[in-house]
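Have the viewer open as you read.

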Amino acid sequence: MAQVQRRDQEAFTRLLDRHVRGLQKFLLRMTGNAADADEVAQEAFLRIWSQAKRWQPDRVRFTTWLYRIARNLAIDRHRKHRETTDEDMTAFADEAPDAPQLIDAERRQQLLRAAVSRLPERQRTALLLCHFEGLSNQDAADVLEVTVEALESLLSRARRTLKTTLRPLLQAEETLPCTTNQ
Amino acid sequence: MHDKPMTDDEFDALLDRRGPNIDRWPSEFALAARRLLAQSPQARAQLKEASALDALLDDAWPAVPLSTGAVRSRILEAVARDAARSSWWRWFVGGTGMRRPIAIVAALIPLCLGFAFGIYEPTAASDDLVSDVSLLAFADYEGYSDAD
């Protein structure tokens with residue numbers, strides 16, 4: 001990143017290659033739309049290039065800074081296109097999952113994504129960062145610019161809401177063997 | 001938390017805050033949680049439910065083909081354009097060696113020209129010209145008055 005601050009395009013390319021795919025996945029889950037995810041990812045990296053000198057390594061990790069920029073851009077974009085962004089998801093969100101055996105895989109995924117998309121933005125982002133991106137609670141808190149306690153409160157509320165919303169699907173999942181490390 | 005045994009409620013709250021992968025919890029919480037799991041069927045059920053939720057979330061977004069190559073190309077093209085556009089300016093202000101004196105001279109030229117024009121004094125000839133123009137304008141005004 002120090003080289004990028006000196007306008008080194010090769011260093012920027014290496015940085016891009018290391019992070020672009022992960023950022024696209026995060027944004028796809030956050031926006032629910034591949035085109036939006038691509039555009040926000042592009043804008044975020046151009047912001048990194050143009051504002052590289054603002055990054056202070058002693059204050060925030062690069063990944064945290066990147067996700068913070070991307071999240072803010074995604075929020076701005078969502079505000080501008082509010083009427084279209086969530087329509088696809090909310091079409092499913094008010095429906096309670098039926099008996100799991102009657103739901104095909106694609107519809108099941110739609111219901112799951114809808115349940116996540118209905119979470120308040122900060123809860124959703126906290127969950128995406130910690131669960132999918134594997135950020136530590138501290139790093140996720142830095143992205144959201146909140147304390148770790150506040151981040152954990154967001155995570156807690158998100159998981160409790162999902163447990164309630166997805167109860168029928170969860171009961172089916174619980175019949176499967178537990179794979180979590182103990 | 002270090003001395004007291006963890007309760008089912010505390011464990012459930014930690015599952016919500018930190019997720020079901022106990023290996024990622026701080027060691028003091030992880031140790032207490034493992035002790036509780038060895039004794040409490042309710043804690044094991046809570047862990048199973050939390051793990052099931054994580055498994056569901058993993059299924060929510062299957063591997064979607066991403067247009068990473070296209071996005072990467074667009075970003076690099078934009079960066080190259082920006083770098084080319086700003087390179088002349090950086091050459092100007094950030095030069096070293098012989099480039100810096102050239103930049104200083106180039107910056108001083110308009111300054112000197114402005115100063116030169118500022119201290120320029122009109123010659124006698126140009127004063128005469130201004131007087132002639134003034135007289136003509138006065139004559140026109142007088143003629144206008146006569147017409148009234």
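## Make-up of the two chains

In chain B, 58% of the contacts with a separation of 6 or more are between residues 24 or more positions apart; a contact here means two C-beta atoms, placed from the backbone, within 7 Å of each other. This is a predicted model, where local features need pLDDT of at least 70, side-chain atom pairs count only at pLDDT 80 or more, and totals for chains, interfaces and linings use all residues. Residues are numbered from 1 along each chain as its sequence is written, while chains are lettered from A and ligands numbered from 1 in the order in which they are written.

Chain A tells its own version of that contact story: 61% of its contacts between residues at least 6 apart in sequence join residues at least 24 apart. Helices (H or I, at least four residues) and strands (E, at least two) are DSSP runs, numbered from the N terminus. Buried means 20 or more other C-beta atoms within 10 Å of a residue's own, exposed means 12 or fewer, and partly exposed is in between, with C-beta atoms placed from the backbone.

| Chain | Secondary structure | Buried residues |
|---|---|---|
| Chain A | eleven helices, zero strands | 38% of 182 residues |
| Chain B | six helices, zero strands | 18% of 148 residues |

Read along the sequence, chain B goes α-α-α-α-α-α.

## Where the chains meet

## H2 against H3 in chain A

H2(A) (residues 9-31) also packs on H3(A) (residues 34-50), at an angle of about 140° and with the axes 8 Å apart. Axes are lines fitted to C-alpha atoms, for helices over the stretch in contact, and angles run from 0 to 180 degrees between N-to-C directions. The two helices are therefore oblique to each other; under 35 degrees counts as roughly parallel, over 145 as roughly antiparallel, 65 to 115 as roughly perpendicular and the rest as oblique. Residues making this contact include Phe12(A), Leu16(A) and Val20(A) from H2(A), and Ala41(A), Phe45(A) and Trp49(A) from H3(A). By class, the contact residues divide into 13 nonpolar, two polar and two charged.

Next up is H4(A) (residues 62-80). Its 19 residues should span 27 Å at 1.5 Å a residue, and the end C-alpha atoms are 27 Å apart, which agrees; the expected span is 1.5 Å times one less than the number of residues. Among the buried residues of H4(A) are Trp65(A), Leu66(A), Ile69(A) and Ala70(A). The buried residues of H4(A) pack against H2, H3, H8 and helix H9 (137-144) of chain A.

H4(A) and H9(A) pack at about 40°, axes 8 Å apart, and that makes H4(A) oblique to H9(A). Thr64(A), Tyr67(A), Arg68(A) and Arg71(A) of H4(A) make the contact with Asp139(A), Asp142(A) and Val143(A) of H9(A). That contact has two nonpolar, one polar and four charged residues.

H8(A) has twelve residues and reaches 16 Å from first C-alpha to last, close to the 16 Å expected. Its buried residues include Gln123(A), Ala126(A) and Leu127(A). The cover over the buried residues of H8(A) includes H2, H4, H9 and H10 of chain A, along with helix H3 (41-60) of chain B. After H8(A) comes Gly134(A), with a positive phi near 70°.

## Zooming in on Ala158

Ala158(A) sits in H10(A) (residues 148-165). Is Ala158(A) buried or exposed? Ala158(A) counts as buried because it has 23 C-beta neighbours inside 10 Å. Setting aside neighbours within four places in sequence, Ala158(A) is in contact with Leu119(A), Gln123(A), Arg124(A), Ala126(A) and Leu127(A). Leu119(A) is 39 residues away from Ala158(A) in sequence, yet 6.7 Å away in space, C-alpha to C-alpha.

Methods. Nonpolar A, V, L, I, M, F, W, Y, C, P; charged D, E, K, R; others polar.
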